[in-house]
Amino acid sequence: MAFPERAGGLRELKGTLHPRKARFARALQANDAVSILSMLFDRLYVLRNQLIHGGATWNSRVNRAQIRDGAAILGFLVPVFIELMMDHAHEDWGRPFYPVTEG
């Protein structure tokens, strides 16, 4: 079954993949960590949305490699972020988006 061509459609999505790869390659060559991390977190957010909204279901084979890669990336980065925040506890990190509440 083919996907219907809606506003933007599949063709537009396919057309954006090559420029994204080229933009990532340029950022990598320029050692532009901010752009690289921004693109990485954008892709992780897409993967998160697929998991949360049912694009990848339990025990399916869809996106398994991407899920493993995403988990490995987050497994590496989250402890680094926590350590940075703990080492700089005096910094104003802003209000948490999901503050702990008493039940």
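Colleague: Where does N31 sit?

Modeller: N31 lies in the loop between α1 (9–29) and α2 (33–52). Helices here are DSSP runs of H or I with at least four residues, numbered from the N terminus. This is a predicted model, where local features need pLDDT of at least 70 and side-chain atom pairs count only at pLDDT 80 or more, while totals for chains, interfaces and linings use all residues. Residues are numbered from 1 along each chain as its sequence is written, and side-chain values use heavy atoms, leaving out hydrogens and water.

Colleague: Why is N31 called exposed?

Modeller: Exposed means over 50% relative accessible area (1.4 Å probe, protein chains only). N31 has 68%, so N31 is exposed.

Colleague: Why is α2 called oblique to α3?

Modeller: α2 and α3 (residues 64–87) pack at an angle of about 120 degrees, with their axes 11 Å apart. Axes are lines fitted to C-alpha atoms, for helices over the stretch in contact, and angles run from 0 to 180 degrees between N-to-C directions. Under 35 degrees is roughly parallel, over 145 roughly antiparallel, 65 to 115 roughly perpendicular, and the rest oblique. Therefore α2 is oblique to α3.

Colleague: Which residues make the contact?

Modeller: Among them are L40, F41 and L44 of α2 and I73, L74 and F81 of α3, with contact meaning heavy atoms within 4.5 Å.

Key: Helix = DSSP H or I, 4+ residues; strand = E, 2+ residues; numbered from the N terminus. Buried < 20%, exposed > 50% of the residue type's maximum accessible area, 1.4 Å probe, protein only.
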